[in-house]
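Subject: Structure handover

Hi,

Here is the structure for you to look through. My notes come below it.

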Amino acid sequence: MTPPLDLSRRQFLTAASLTAGAALLAGCAPGTASGSPTQTLQFWHLLSGGDGVTMSQLLDGVNKAQSAYRIRPTVLAWGTPYYTKLAMAGAGGRAPDVAIMHATRVPGWAPGGLLDDWDLDRLAELGVDESTFPEPIWKKGIVGGKRFSIALDAHPFVLMYNTDICDAAGELDSDGQLKKTSSPEEFLDQLRAVGGSAKGHALSYGYLGDGAQMWRLFYGLYAQHGLAIELPAGRQMGIDKDAAVETLAFMKTLLDGEIAAAQNDYGTAVAEFATGKSGMLMTGVWELRTMQNAKLPFDATMIPTLYGTPAAYADSHSFVLPHQAHADEHRRDLTYRFVSDMLKGSFGWAEAGHIPAYLPVTESPDYAKLLPQAHYADAAQHVVYDPEAWFTGSGSNFQGEFGAAVQGVLLSGDDPGAAIDRFIRRVNTLLAQPNPADPEGKWK
Amino acid sequence: MTTTASTRAVVTGRKSSDPFRPAGPRRREQLVSWAFLAPFLIAFALFLVWPILHGIYLSFTDQSLTGAGGDLVGFANYAEALSDPVMWQSLWNTVWFTLLSTVPLVALSLIMAALVDRGLPGQWLWRLSFFMPYLLASTVISQIWVWIFNPQIGAANNILKALGLQPLAWLQNPDTNMLSIVIATVWWTVGFNFLLYLAAMQNIPPQQYEAASLDGAGAWRQFWSITLPQLGPATVLILILQILASLKLFDQAYQMLGGVASDTTRSIVQYIFESGFVNYRFGYSAAISYVFFALIIIIGVAQALVTRRRKVQ
């Protein structure tokens with residue numbers, strides 16, 4: 001009788017290592033091939049925390065509603081880590097079927113062939129076209145005449161206010177909403193009034209060590225002058241220095257220790273407002289859930305138009321098609337369908353605070369009843385994105401560079417003109433560098 | 001003698017440096033030893049030698065992380081790096097951090113080790129609590145110190161206020177942020193040097209102290225004349241390890257400042273990371289790496305010269 005497994009120790013070790021090696025290689029094999037009834041689509045995104053929970057609910061919804069495809073999400077850490085991995089996947093031609101990108105990052109990526117463009121006819125068949133998006137949001141997804149991203153939302157920088165405190169200060173109008181202000185002086189007066197009835201500061205605004213926070217407020221107010229910063233590749237930054245200095249000086253006025261704390265970081269500012277100590281908070285709409293969970297009596301509105309032109313600094317989570325070397329047509333079809341399903345189901349996304357980009361959702365009667373979201377929905381018509389260049393956008397170095405240049409002004413009253421000069425110099429250095437996705441400038 | 005050897009060579013048919021060993025098993029032994037070395041050698045070649053060579057090649061191209069580029073551009077990246085003020089500032093920041101952190105990390109660990117070795121009761125408790133922070137991940141210590149340095153509610157400012165001093169924006173003010181990172185780093189890693197010093201002190205034979213006290217030497221005298229001189233080799237080791245560790249400055253600074261590009265704290269490693277992984281310029285990033293590499297070689301050679309002189313003396 002031979003024993004069932006007649007192997008010497010060596011043979012056994014050889015066999016075991018071969019098996020392990022084969023298993024390892026099998027792990028690298030691509031996913032399910034086309035043809036099986038339910039296709040699994042790979043979807044990468046960078047939403048965690050409250051946004052991540054809402055996104056999973058939406059994905060569960062679209063998965064249950066049909067059986068043609070199943071979404072398999074991969075969540076990666078927000079910012080640089082996410083974009084690095086997505087870029088490498090696209091560069092290797094084995095990217096996920098669909099991914100979320102900030103609309104502001106798309107212009108840097110499109111020229112390098114990291115993204116495939118969307119077919120407008122296929123989208124139109126599914127009821128997704130120019131007429132179903134606010135104009136500035138629709139336009140943002142076009143680079144070099146081609147459509148590279150479809151916005152899920154706009155998430156502007158807004159003003160949240162504590163209705164109890166503002167009411168006590170007499171700053172609410174008959175609808176119970178914050179009285180409109182239309183100049184820096186009016187807004188400062190309003191803030192001083194609110195400060196009188198708040199336990200803490202009138203306004204919470206966290207900026208320390210957070211270039212994005214400084215940039216969001218600055219660029220929104222700068223754009224209210226009816227201006228935009230121009231970043232032409234290989235040339236010099238186009239900026240109205242007087243307007244920039246005026247805006248920065250106004251921001252410093254807010255941080256006088258009375259209206260708002262002179263030194264606050266993002267987390268502390270959110271906490272100050274969420275615990276009902278301050279009257280107002282300048283923040284992104286993504287903090288809405290935080291305030292609702294804190295059971296705070298609050299409402300939200302666009303940042304008041306202080307310099308004439310309504311403008312809301314924002315970015316958009318957008319669907320993109322990372323480049324696939326061998327895209328499967330059937331899977332692409334399903335990807336289009338998935339994006340259309342998500343847009344149509346984006347009412348749930350509004351609950352996380354974001355303004356859905358798909359107009360049939362925001363124009364629905366249900367949305368008008370969704371408060372406070374409906375009170376800042378007009379921001380979608382006035383969104384202002386980062387100026388276009390390969391190095392700008394959410395999670396890029398550009399906003400950090402801005403923060404490094406101007407923090408001294410906000411923190412210790414350095415000269416705003418010198419800070420803007422420093423920012424211009426640094427950005428001009430970046431403008432002189434080639435777009436790494438297209439170093440020879442061959443694209444277009 | 002020569003005859004024996006040559007006879008032997010004729011008999012076995014091969015020349016051998018060790019004529020008394022049979023040929024077969026020796027060859028086999030060599031094979032076995034290479035087989036045992038293979039896992040390390042493969043990993044070494046794959047993850048160290050190859051990246052170093054490939055990195056040198058990359059530094060002469062305009063390769064991008066996005067897959068674009070890749071053409072040879074000669075010394076353009078090096079020329080750009082050497083004329084890039086941000087590169088020089090980052091390099092200086094790294095050197096400055098190394099100077100600021102190495103001195104307290106060596107001096108404090110020596111004092112702590114001396115106290116624990118000679119004076120304080122409950123040795124195990126001190127040993128444990130001095131070493132414990134070293135066991136924490138850099139992410140954890142970064143979070144702890146971000147809270148301690150919080151300008152509104154942080155412990156550091158509470159202490160300042162209790163002393164009647166003005167609160168500081170520790171991590172945000174460009175005048176104090178490097179110092180804050182040094183403080184956090186010292187707290188984090190001093191335990192390792194402390195342990196090395198403590199081990200070295202406990203290796204000093206107790207008879208020497210006994211003899212010294214019989215000769216009437218007090219604690220200070222003993223420390224200066226017995227302990228310190230015998231810590232020489234340990235100090236050299238600690239210094240080398242510490243300088244190399246400090247030059248690697250990246251994770252705690254990056255995490256504590258939330259990735260803000262602060263001109264006063266951006267280390268050269270962070271600039272390499274930003275160039276390669278945020279701005280996707282692999283070629284440029286590789287070129288900066290080799291500029292940094294040159295600095296490390298200079299330090300290495302200087303340190304080798306110093307230790308050789310010590311040995312000669």
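Predicted model: local features only at pLDDT ≥ 70, side-chain atom pairs only at ≥ 80, totals over all residues.

Residues are numbered from 1 along each chain as its sequence is written, chains are lettered from A and ligands numbered from 1 in the order in which they are written, and side-chain values use heavy atoms, without hydrogens and water.

**Salt bridges**

A salt bridge here is a side-chain nitrogen of Lys or Arg within 4 Å of a carboxyl oxygen of Asp or Glu. The count over all chains is 12.

One of them pairs Lys139(A) with Glu135(A), with 2.8 Å between the closest N and O atoms. Both residues sit in helix α6 (residues 135–140) of chain A, 4 residues apart, about one turn of the helix. Helices are DSSP runs (H or I, at least four residues), numbered from the N terminus. Lys139(A) is exposed, at 52% relative accessible area. Glu135(A) is partly exposed, at 49%. The cut-offs: buried is under 20% relative accessible area, exposed is over 50%, partly exposed is in between (1.4 Å probe, protein chains only).

Asp189(A) and Arg192(A) form another salt bridge, at 3.7 Å between the closest N and O atoms. They lie 3 residues apart in helix α8 (residues 184–197) of chain A, about one turn of the helix. Arg192(A) is partly exposed, with 48% relative accessibility.

Next, Arg426(A) bridges to Glu401(A), with the closest N and O atoms 3.0 Å apart. Arg426(A) is in helix α18 (residues 416–432) of chain A and Glu401(A) is in helix α17 (residues 397–412) of chain A, so this pair ties together parts 25 residues apart in sequence. Arg426(A) is buried at 15% relative accessible area. Glu401(A) is buried too, at 4%. Shared partners join Glu401(A), Arg426(A), Arg266(B) and Glu274(B) into one salt-bridge network.

**Chain A against chain B**

Contact means heavy atoms within 4.5 Å. Chain A gives 36 residues to the contact and chain B gives 31. Together the chains bury about 2700 Å², 53% of it on carbon and sulfur atoms. Buried area is the accessible area (1.4 Å probe) that two parts lose on being put together, summed over both.

How many salt bridges cross this interface? The rule finds 1. Glu401(A) and Arg266(B) meet in a salt bridge at 3.4 Å, N to O. On the side of chain B that touches chain A, helix α13 (residues 268–278) of chain B gives the largest share, 5 residues.

**Domains of chain A**

The bounds come from an automatic or database domain assignment. In chain A, domain 1 is 39–152 + 316–370 and domain 2 is 157–310 + 389–432. Their centres, taken over C-alpha atoms, are 29 Å apart. Domain 1 of chain A puts 15 residues into the contact, and domain 2 of chain A puts in 11. The area buried between these two domains is about 980 Å², with carbon and sulfur atoms giving 50%.

Best wishes

How values were computed. Helix = DSSP H or I, 4+ residues; strand = E, 2+ residues; numbered from the N terminus.
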